[in-house]
Amino acid sequence: MPWVADELDRAILRLLQTDGRKPNAEIAQAVGLSPSACLRRIRMMEDRGVIRGYTVLTGPQDEDERGVDVVVQVTLDRQTDDYLSRFENAVRKCPEVRECFLMGGNVDYWLRLRTESVAAYEAIHGEVLSRLPGVTRISSSFAMRDALRPRRGRK
């Protein structure tokens, strides 16, 4: 029987997505469960693959040094296995690409890049992205801030 999340499971997941190190007792109190019941639910979600792992996010100490996050939508001229494979292999060689998703819909790929500046992204756009196999269109958007991360000095 497939697992279906209830409101308590979703509340637990939201808390863990915000802070994966939040103590079980705090999570339990926030969702209105006993610590043992809360831990059982977390373990069940881990066992079923709903929670696949916990990640440490690192970054510079100073917000001004953090660089620029760029979301890039890429359209290829063909969607054959050969084109997709060649594109993905080329993207793997670009260390600034942090995420790359094959999409359904209007674009073929959605990438997230991290560069030190807009000028650095401009160089990557011209020297790397626009030269990737099969690329016909690139649309870039720059992140102003990560709205899910707490801002310094603010709660």
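Which helices do the buried residues of helix 1 pack against? They pack against helix 2 (24-31) and helix 3 (35-47). The model is predicted. Its chain has five helices and four strands, in the order α-α-α-β-α-β-β-α-β from the N terminus.

**Chain totals**
- Of the 155 residues in the chain, 26% are buried.
- Among contacts with a separation of 6 or more, 58% join residues 24 or more positions apart.
- The accessible surface is about 11,100 Å², and carbon and sulfur atoms account for 49% of it.

**Helix 1**
- The 12 residues of helix 1 (residues 7-18) should span 16 Å at 1.5 Å a residue, and the 17 Å between its end C-alpha atoms agrees with this.
- At the start of helix 1, the backbone nitrogen of leucine 8 has a side-chain oxygen of aspartate 6 within 3.1 Å.
- Buried positions in helix 1 are Asp9, Ala11, Ile12, Leu13 and Leu16.

- In soluble globular proteins, nonpolar side chains tend to be buried together.
- The largest nonpolar core here has 19 residues, and Val72, Val74, Phe87, Leu111, Leu113 and Leu129 have the most contacts inside it.
- At least two residues of this core come from each of strand 1 (68-76), helix 4 (81-92), strand 3 (109-115) and helix 5 (118-127).
- Strand 1 gives the largest share of this core, five residues.
- Leaving out residues up to four places away in sequence, valine 74 touches Phe87, Val107, Asp108, Tyr109, Leu111, Val135 and Arg137.
- Another core lies apart from the largest one and has 11 residues, including Leu13, Cys38, Ile42 and Met45.

Methods. Residues are numbered from 1 along each chain as its sequence is written. This is a predicted model: local features need pLDDT of at least 70, side-chain atom pairs count only at pLDDT 80 or more; totals for chains, interfaces and linings use all residues. Side-chain values use heavy atoms; hydrogens and water are left out. The expected span of a helix is 1.5 Å times one less than its number of residues. Buried means under 20% relative accessible area, exposed over 50%, partly exposed in between (1.4 Å probe, protein chains only). Contact means heavy atoms within 4.5 Å. A polar contact is a pair of N or O atoms within 3.5 Å; within protein, one must be able to donate a hydrogen and the other to accept it, and residues adjacent in sequence count only if both atoms are side-chain atoms. Accessible areas come from the Shrake-Rupley method with a 1.4 Å probe; for residues, only the protein chains shown count as cover. A nonpolar core is a set of buried Ala, Val, Leu, Ile, Met, Phe, Trp, Tyr and Cys residues joined through side-chain atoms within 4.5 Å.
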